[in-house]
Amino acid sequence: RGVYIFNNQADLLAGRWSQFRQFGGLGGLTSTEAGRAAFGQKETALFLQDQWYARPNLTFSAGIRWEGLNNPDSPILNPNDRNPDGSFKLTAKIPDANKQFSPRFGASWSPDSKTAVRFSAGRFWSRTPAILFAQLFTSNGLRGTQYIITAPRSGTNVLQPTDPLSPGWGPNFHVQGVEPIDFTKIPTPARPGVFTIGPNFDDPYTDRVTLGAEREVFSRSTAGIDITYAQGHNLQRLRDMNRQLDGTISSNGQPHYSTTVFPFPYYGRITESLSDGRSRYIGITATFNRRLADNFSLYGAVTWSEDKDNDSNERNFAGIQAENYNNLDNNYGFSNRDQRWKGVLSSLWQTPYWGLGLSGSLVFQTGSPFNPTTNVDLNGDGEPSTDRPTINGVHLGRNSFRQPSFYSLNLRLGKEFRIGPGNLAVFGECFNCTNTGNRFVTNTIYGVNQTPGIAFGKDVGVGTPRTVQVAARYDF
């Protein structure tokens with residue numbers, strides 16, 4: 001009901017927005033009425049498996065799973081079937097997914113009484129959540145639309161927009177309430193923004209292989225190592241199918257899109273949902289586990305991993321994330337989830353002192369990546385938040401910078417009392433007991449020049465401070 005986008009802090013303070021977006025209802029519908037969608041999905045799954053005990057210490061398992069997803073059949077926009085004025089007819093539908101076969105195989109081997117080795121390989125399909133389909137029925141230019149106003153630019157400076165429906169800009173910028181555009185004044189909006197889906201859209205799946213070994217190193221204590229390799233396919237992502245390259249080069253050295261010529265001039269932005277993203281993950285985890293004995297237990301794990309993809313879309317139904325959405329290889333890099341190292345140590349001690357129990361955990365993880373952007377639409381694709389700078393002839397990669405590392409020590413001291421039919425537990429807890437700052441970067445806007453902005457990459461954000469709480473719980 002109204003989103004303002006600014007290039008930088010100075011423009012924000014001066015009210016100079018670079019883009020404004022608002023969803024509104026058409027044909028007399030309010031935005032609330034136009035935004036309602038009622039539909040469902042039907043899932044069917046069949047699974048067959050068997051185990052073969054080849055030897056007392058060697059077991060094989062195999063199986064195959066079939067899954068089908070029946071998506072809504074209500075009509076949606078069909079870019080391949082157009083009316084004489086160039087608008088799309090409502091003659092398409094969301095493709096169903098009915099060829100989802102998943103073979104699985106596993107083996108476990110125990111070379112001696114203290115060692116176990118396990119291997120597994122398989123394919124795992126995932127259902128596309130229904131929220132990714134909602135705007136196909138609401139933002140279709142007939143029921144509702146996403147109205148976008150982009151302010152003109154002179155170099156890196158934003159100029160006052162000329163659209164007569166524009167909200168206040170510059171000294172006239174005032175945010176009061178919601179829905180600054182009255183859609184009753186535009187019953188037939190020019191170049192409405194709409195949503196569609198690729199005709200070959202399919203559910204995502206992952207091919208995964210794991211290998212692990214565990215051995216008892218001394219009484220009630222084991223050490224292990226696990227290796228996981230996974231490749232993701234058919235990952236959902238978005239693009240504007242109403243943009244085409246104009247043959248020129250942007251100021252950051254990347255291909256430039258035309259801002260005047262559009263493949264489908266009847267529409268503005270046509271957000272298309274595709275399933276051509278991919279990912280690759282590898283992780284190695286070492287663990288130590290001491291089961292509770294003599295009133296003491298201990299668990300520790302350290303993981304090294306690398307997670308890469310070309311679009312980390314996760315239930316994002318409206319935001320385009322790729323810098324060049326028609327060349328996803330340009331976007332391949334560390335995923336938003338990537339975390340190089342992560343370690344955890346947890347323990348429980350039932351002390352001999354007055355029945356007190358002490359437990360705690362220590363967590364450490366290296367920083368997640370963040371994406372350096374110019375926050376200016378350098379390549380003319382209508383997306384000001386995705387373009388990356390080119391420094392000394394090198395185009396900065398996606399998610400090529402890192403947040404600081406994080407760690408937290410958490411402790412708990414408690415005592416139980418037998419009261420009536422249950423137990424009363426009284427305990428005190430401390431989170432981030434060392435009061436570590438766990439600082440993080442808040443400004444990921446590099447700027448458009450050869451040198452970064454003064455605030456770029458500064459760890460000025462501060463995490464949760466030391467927190468102490470006292471509580472009681474009665475279990476019966």
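Tutor: A salt bridge is a side-chain nitrogen of Lys or Arg within 4 Å of a carboxyl oxygen of Asp or Glu. By this rule the count comes to 24 salt bridges. The model is a predicted one, in which local features need pLDDT of at least 70 and side-chain atom pairs count only at pLDDT 80 or more, whereas totals for chains, interfaces and linings use all residues. Residues are numbered from 1 along each chain as its sequence is written, and side-chain values use heavy atoms, with hydrogens and water left out.

Student: What makes Arg239 and Glu272 a salt bridge?
Tutor: Their side chains come to 2.8 Å, N to O, and the rule asks for such a nitrogen and oxygen within 4 Å, so the pair qualifies. Arg239 lies in strand S14 and Glu272 in strand S17 (residues 270-293), so the pair ties together parts that are 33 residues apart in sequence; strands here are DSSP runs of E with at least two residues, helices are runs of H or I with at least four, and both are numbered from the N terminus.

Student: Why is Glu272 called buried, and why is Arg239 called partly exposed?
Tutor: Buried means under 20% relative accessible area, exposed means over 50%, and partly exposed is what lies in between, with a 1.4 Å probe and protein chains only. Glu272 has 6% relative accessibility and therefore counts as buried, while Arg239 has 21% and therefore counts as partly exposed.

Student: How do you know that Arg388 and Glu323 form a salt bridge?
Tutor: The N to O distance between their side chains is 3.3 Å. Arg388 lies in the loop between strand S22 (369-370) and strand S23 (390-391), and Glu323 in the loop between strand S18 (296-309) and strand S19 (333-334), so the pair ties together parts that are 65 residues apart in sequence. Both Arg388 and Glu323 are buried.

Student: What makes Arg340 and Asp338 a salt bridge, and why do both residues count as buried?
Tutor: The closest N and O atoms of Arg340 and Asp338 are 3.2 Å apart. Arg340 has a relative accessible area of 17% and is therefore buried, and Asp338, at 1%, counts as buried too. Elsewhere, salt bridges that share partners join Asp307, Asp309, Arg337 and Arg398 into one network.

Student: Why is Ser139 called buried?
Tutor: Ser139 has 0% relative accessibility, so the label buried applies. Its place is in the loop between helix H3 (134-138) and strand S9 (144-150). With contact meaning heavy atoms within 4.5 Å, Ser139 touches Phe23, Gly144, Gly193, Val194 and Phe195, not counting residues up to four places away in sequence.

Student: What makes a set of residues a nonpolar core?
Tutor: The set must consist of buried Ala, Val, Leu, Ile, Met, Phe, Trp, Tyr and Cys residues joined through side-chain atoms within 4.5 Å. The largest nonpolar core has 13 residues, and those with the most contacts inside it are Trp17, Tyr147, Ile149, Ile181, Phe183 and Ile186. Apart from it lies another core, of nine residues, among them Ile76, Ala92, Ile94 and Phe201.

Student: Why is the pair of Trp349 and Tyr353 called edge-to-face?
Tutor: Rings of Phe, Tyr and Trp (its six-membered ring) pair if their centres lie within 6.5 Å, and planes under 30 degrees apart count as stacked, over 60 as edge-to-face and the rest as tilted. The structure holds 24 aromatic pairs. In that of Trp349 and Tyr353, the centres are 6.4 Å apart and the planes stand at 90 degrees, which makes the pair edge-to-face. Trp349, with a relative accessible area of 34%, is partly exposed, and so is Tyr353, at 46%. Ring pairs also link Tyr4, Phe6, Trp17, Phe20 and Phe173 into a cluster.

Student: How many helices and strands does the protein chain have, and what share of its residues counts as buried?
Tutor: The protein chain has three helices and 28 strands, and of its 476 residues 40% count as buried.
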